[in-house]
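Hi,

Here is the structure I promised to pass on. Have a look through it first, and then read my notes below.

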Amino acid sequence: MGAGAGFALGRLAQMLEATLDGQPERVVTGVAALASAGPDDLTYIADHAHLESARASRAGAFIAPVGLSGLPAPTLRCREPRRALATVLHLFHPGVEPAPGIDESARVAADARVHPTAAIGALAVVESGAVIGARVWVGPLVYVGSGVAIGDGCLLHPHVVIYGGCHLGQRVIVHAGAVIGADGFGFVPDRQGPLKIPQVGTVIVEDDVEIGANSTIDRATLGETVIGRGTKIDNLVHIGHNVEVGERCLMAAQSGISGSCHIGNDVIMGGQVGLADHVRIGDGAMLAGGTAVMRDVPAGQRFAGRWARPATLTHRIWVAESQLPDLLRSVKTLERRLAALEGRAGDRG
Amino acid sequence: MGAGAGFALGRLAQMLEATLDGQPERVVTGVAALASAGPDDLTYIADHAHLESARASRAGAFIAPVGLSGLPAPTLRCREPRRALATVLHLFHPGVEPAPGIDESARVAADARVHPTAAIGALAVVESGAVIGARVWVGPLVYVGSGVAIGDGCLLHPHVVIYGGCHLGQRVIVHAGAVIGADGFGFVPDRQGPLKIPQVGTVIVEDDVEIGANSTIDRATLGETVIGRGTKIDNLVHIGHNVEVGERCLMAAQSGISGSCHIGNDVIMGGQVGLADHVRIGDGAMLAGGTAVMRDVPAGQRFAGRWARPATLTHRIWVAESQLPDLLRSVKTLERRLAALEGRAGDRG
Amino acid sequence: MGAGAGFALGRLAQMLEATLDGQPERVVTGVAALASAGPDDLTYIADHAHLESARASRAGAFIAPVGLSGLPAPTLRCREPRRALATVLHLFHPGVEPAPGIDESARVAADARVHPTAAIGALAVVESGAVIGARVWVGPLVYVGSGVAIGDGCLLHPHVVIYGGCHLGQRVIVHAGAVIGADGFGFVPDRQGPLKIPQVGTVIVEDDVEIGANSTIDRATLGETVIGRGTKIDNLVHIGHNVEVGERCLMAAQSGISGSCHIGNDVIMGGQVGLADHVRIGDGAMLAGGTAVMRDVPAGQRFAGRWARPATLTHRIWVAESQLPDLLRSVKTLERRLAALEGRAGDRG
């Protein structure tokens, strides 16, 4: 990319509402990490912990938090540097719009409706009755089942599978290998072995959701499994049948949500969280990584631990546990000393 | 679907061995969730907790447990309502038999043997020497390795991968993205780094097993990894090499079974269970969600916790843990009081 | 395979540096498990625990540890029997070299560079600018994104997805369904909901790495996610963005590494380990299965537990926990007895 394709620091400072420490006419043409940035690149430093690497960087300019000084090149000081990073990355990497049209190797059912601006990749399969919206990218080797509806602007990366009847809103991003709409895990005990309950519901994924690689979202037994607007789901997450996830939630990798859970809006989950079935998580609750939740969690609470307790209590228990082996010994000593005293008191009594 | 395609409540009552509270000639044409059921639909209420939603439902008839009353439409009262739900769902959704034949875009080796009633989907790959039984559905984009045997009536959803040499019994269901027969994780330490032990065994999946989306079942080093008849495995489950799983087990999502474990019959595991290698789980044992098992679990026992202990003990510890921080303080107080008493006793002695 | 294709025990003894108890000219033609080995097969016994099965085996010869006797057929006694097993399995199963060439159903971009000795399987997709090295196997239905580089001797099993721009070294093995290079999980809070930080970095997988089925390795936000030379990763493992994994590590199934973690060389992790973000694990550290790590772990240490503590302390706590419910009662008894004594001492004082 020539320097002409870049952005002047002065203009970036305006866009980012940043204070510029350096020449406003200086131009950067790319964004790179501290270690690999060159003199034409803008780079990013999160905090003081990376100051040494930053000083060794050959970067042409920095995005840095307010209050961090001593950097060896012009600096855009931002109150929210991560947000500023997101903004410049969107600016320098606006995303590739795949060329509209259906690859000749794709298999699209005659009665599927594909918007003329959508792109259907090589060896993708689109089944009967599916509806693909404007500017959608159905990546190579993707499977879109019968009757599936995909809203405008969705991106389905290679190897995504959408079972029949599921609905995706607008601008949904689904990463490779994710499976939406497989059967929920529902069986009735029987002498012959577990008897399958047919899973005839569906999955609704609302607008602006992102779903990570190899995650699985099961269809409902009856009705719908719902992922609310703006929620972001990381890799290898499992969402069971009939779960309802609210809006704007963040669910980190390998978390698992059992059937019929209800998760409010703005809930944040660390990685490897597990929820027992039918649990309700209130709006704005935060579950630390590894939390196992057996009961409802009230709105706005921070929970942690196995099995979930308020995060401050979990932390106090964790500290206390280390003293537990010594405590057992202390109590035995106390018992011995007390028995000795009682013996003497008895003699005297 | 016209009302003519439905079932009269009287006939359903007979089939379900249910007591009908309402007109036997009333016809229902579908099954739907409480919230979405219309006047021609049968719906299902699990227990009193959903009574309010049920009263607001527009459903034409209910499946309900014995003893639940006050519903606003004819009711089929069942001793096992979930089983009744399974029965009516099988009745109203008998499953689609895909049209037999090999899609012209599928790649089937010349010496693979495909039963004339089997259906091979678009862009599926069937390698040399594979044998595909009667009424099998090999979904679009599925990979069936060389020498694989697939028994009658199996359903392989899109993107399933079966490595060479594995065997599936009859009526096995495998959901999208599941991988059967990848190499087990076997290495020998070496100065150059871990040295691979070739995994030359196979996987045997017996009749009536169901395997969830994106689960992985590794081939044995030598011999076989076995999943016993009627066992049901949820999504994102890992089964290591040389594991033997018994019959009629239920394994919920994201559980992981390390190499060479032996799991008996009728074992039930919650989600995110983990087993260390070579562990044995006795027949009928139950492992709560999140249980980490380091040692053998006897038949019929309920275990829970990290690392696995009998479920009642785990629960008592969980309750006691909350008091642990206070306990530490109590013991310090006791020590101080006891020292004071001992001092006085010493003065007096 | 005729006996002529086999190996004489005397020659195997030399290759394995084993002591042979039996006739050196005796020939074996295969390697099989204890239960299924026949008279022409070599089999393997790990330790005394399997002695009974070994005595019942029909195997023609045994690989056994030094000191194990009483076997019913000629025996190769080895100081490292698992290493000997690896050696004979490589010998008897040298691996199939797929026939070079591009399957006519594969979709390879005109400007991709495919080495003439490489094999591109049926219905694979290789995008623009990708470079495929010598003797590489790109399995059926694999997706190789634009600009990806695949080093000599790599094996990509069916359904692997490599996003654009990622690099694989030489002799890397990737199992079915693994996804390399999906977007890291990076968002900034915003009133509208989480705002995506474009992930414009890449993934570098060094030589001799193996990656298990359905594992996911995310691309960096900026810079690279790195998997070091000789590291082996099991199934369903998640590696977050900007993680650096050292050389010769072993990471068992379902472990999850959050963003920006730094893992040293020769680190061993059991299954279902979880690391919080930005954690550093020192060289040679061992993390037991199920360990949840919130803080740095020093080199050479064994850690275990939730949340990670030195393994010996975790074990002592685990033992102490069982006594915790009784301990609570003991302390209450102590308090009562002490109060009684204090009362008497008060009377007397």
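To start with the chains: what rotation superposes chain A on chain B, and with how much shift along its axis? The rotation is 120 degrees and the shift is 0.0 Å, with an RMSD of 0.0 Å. That makes it the relation of a three-fold axis. Do keep in mind that this is a predicted model.

Next, the fold of chain C. Chain C has an open sheet of ten strands, paired in parallel, and the order to trace is S9-S12-S15-S18-S21-S26-S29-S32-S35-S38. Strand S9 (107–108) and strand S38 (292–293) of chain C are the edges; each has a single partner strand, so one side of each has no neighbour in the sheet.

Val179(C) has Thr216(C), in S26(C), as its bridge partner.

Then there is the contact between chains C and A. Chain C puts in 54 residues and chain A 57 residues. On the chain C side, at least two residues each come from strand S22 (187–188), strand S23 (195–196), helix H4 (311–322) and helix H5 (324–348). Which of the elements gives the most? That is H5(C), with nine residues. Sorted by class, the side of chain C that touches chain A has 29 nonpolar residues, 15 polar and ten charged.

Over to you!

Terms used
Residues numbered from 1 in each chain as written. Chains lettered and ligands numbered in written order. Predicted model: local features only at pLDDT ≥ 70, side-chain atom pairs only at ≥ 80, totals over all residues. Pairing = 2+ DSSP bridges. Helix = DSSP H or I, 4+ residues; strand = E, 2+ residues; numbered from the N terminus. Contact = placed C-beta atoms within 7 Å. Nonpolar A, V, L, I, M, F, W, Y, C, P; charged D, E, K, R; others polar. Least-squares fit on C-alpha atoms with pLDDT ≥ 70 in both.
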